[in-house]
Structure formats: C-alpha cells, structure tokens
Amino acid sequence: MDNKSVNFVVKQDNKREARIRKLMEYSYFKGKHFGQIYISKDQKTCAIILDPSKQKTTLKSILWDLKLVFGCMGISNVKKVLKRESEIKKHHPDFPFLHLWYIGVEPAEQGKAKGTEMMARIIHDAREKRLPIYLETSTERNFPFYEKLGFKVISEINTLGYPLKMYLKEN
C-alpha cells in the first residue's frame with residue numbers, strides 16, 4: 001500500500017497486512033456508528049463519511065480505540081500518531097462539515113470512473129444536508145482527482161515526512 005498516512009499509523013512489521021485489516025475494521029466501526037458507509041452495487045468501491053457532530057466517546061468506542069492501538073499501531077507508535085491527529089484537528093473547519101475519511105476502489109477497477117461515481121453520490125448527499133465535505137489526503141496521485149471535483153486546498157502539513165493536504169468542497 002502506498003498510502004503514506006496509513007503507513008504512518010500502521011506498525012511496519014511482519015504483521016503489516018493483518019494490521020491494515022484491523023485499521024479497516026476500526027474504520028468500518030467509526031463509519032457505522034458516527035457517519036455513513038457507502039458501498040457500490042458491484043462492491044468494488046467504498047467510502048466512509050464521518051459526521052463530527054455524531055461522534056462521541058462511549059465504552060464501545062474506547063474499546064475500539066484500544067483494539068486499534070494494540071492490533072494496528074503498536075504501543076511504540078501511539079505518541080507520534082496522537083501528535084499527528086492533534087495537528088490534523090487544528091486544520092478542521094470550525095463549522096459543521098462531513099469528513100470524507102476514506103474512499104477506496106479495488107486496484108483492478110481503478111481508472112474506470114468508479115471513484116468519481118462514488119464521489120457524485122457523496123457530493124449529492126452532502127448537498128442535500130447542506131454541509132461541506134472536508135478531507136485530508138497524502139496520496140499525491142489523488143490531488144488532481146479531488147481538485148477536478150471542486151475541492152479546494154485549505155491547508156497543508158509538511159512536518160510528517162510526507163505532504164498531507166486538507167481539502168474542502170463547499171455545497
């Protein structure tokens with residue numbers, strides 16, 4: 001996986017693939033409980049949208065956070081990941097928004113407009129809710145994709161060892 005943000009969070013060892021699976025399970029939990037999960041009809045594309053207004057700390061969310069630490073990040077990465085998350089939150093909009101936390105297209109299906117189709121659904125739903133969409137990405141090949149869809153760079157972090165851009169699409 002060439003996603004620098006994922007590689008930053010996931011402990012890099014011989015259990016890397018299992019750790020990425022744990023990260024995806026955590027992401028699914030977050031989307032199911034604090035946002036919305038989108039899956040294409042052919043199940044080749046998915047996205048997770050978080051609604052910060054719905055996020056709350058519960059015993060269940062704490063247990064999932066602990067699973068993330070022990071099953072994905074590793075204790076040695078906690079400090080750097082918490083520092084990264086704190087820095088990212090400083091760049092979040094100070095008004096209600098939807099957070100595009102994850103979008104993925106199966107590698108064999110990339111380049112077939114599946115991501116664009118998924119984004120059209122997400123943009124439509126955000127427009128109906130009258131909420132802008134915020135996201136951050138470290139995948140440089142995706143910068144033009146978001147910009148073509150009308151997302152504007154609102155900030156950038158360059159202190160992580162890779163560029164992390166924050167985008168916003170007003171509706």
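Tutor: Accessible area here comes from the Shrake-Rupley method with a 1.4 Å probe. The model is predicted. On that basis the protein exposes about 10100 Å², and carbon and sulfur atoms supply 54% of this area.

Student: What makes the radius of gyration of the protein agree with that of a compact globule?

Tutor: The rule is 2.2 Å times the number of residues to the power 0.38. For 171 residues a compact globule would have a value near 16 Å, and the protein has 16 Å, so the two agree. The C-alpha atoms fill a box of roughly 40 × 40 × 30 Å along the principal axes. Of the 171 residues, 44% count as buried.

Student: What is the pattern of helices and strands along the sequence?

Tutor: There are six helices and six strands. Their order is α-α-β-β-α-α-β-α-β-α-β-β. Among contacts between residues at least 6 apart in sequence, 66% join residues at least 24 apart.

Student: Why does S27 count as buried?

Tutor: Buried means under 20% relative accessible area. S27 has 6% relative accessibility, so S27 counts as buried. S27 lies in helix α2. With neighbours within four places in sequence left aside, S27 is in contact with I48 and W101.

Student: Why is I48 called buried?

Tutor: The cut-off is again under 20%. I48 has a relative accessible area of 6%, and is therefore buried. I48 belongs to strand β2. Beyond four places in sequence, the residues that I48 touches include S27, Y28, G31, L100 and W101. From I48 to F34 the C-alpha distance is 9.8 Å, across 14 residues of sequence.

Student: What makes the phi of Q43 worth a remark?

Tutor: Most residues other than glycine have a negative phi. Q43 is not a glycine, yet has a positive phi of about 60 degrees. Q43 sits in the loop between β1 and β2. Exposed means over 50%; Q43 has 63% relative accessibility, so Q43 counts as exposed.

Student: Which phi does A113 have, positive or negative?

Tutor: A113 has a positive phi of about 70 degrees and is not a glycine. A113 is in the loop between β3 and α5. At 41% relative accessibility A113 is between the two limits, and so counts as partly exposed.

Student: What makes a set of residues a nonpolar core?

Tutor: The residues must be buried, belong to the listed types such as Leu, Ile, Met, Phe and Tyr, and be joined through side-chain atoms within 4.5 Å. The largest such core has 19 residues, and L100, M119, I122, I133, Y146 and F151 have the most contacts inside it. At least two residues each come from β2, β3, α5, β4 and α6. Helix α5 gives the most, with five residues.

Student: Which residues is M119 in contact with, leaving aside neighbours within four places in sequence?

Tutor: M119 is in contact with L100, I103, F145, L149 and F151. Apart from this core lies another, of 14 residues, including V9, I20, L23 and Y26.

Technical notes: Residues numbered from 1 in each chain as written. Predicted model: local features only at pLDDT ≥ 70, side-chain atom pairs only at ≥ 80, totals over all residues. Heavy atoms only, no water. Buried < 20%, exposed > 50% of the residue type's maximum accessible area, 1.4 Å probe, protein only. Helix = DSSP H or I, 4+ residues; strand = E, 2+ residues; numbered from the N terminus. Contact = heavy atoms within 4.5 Å.
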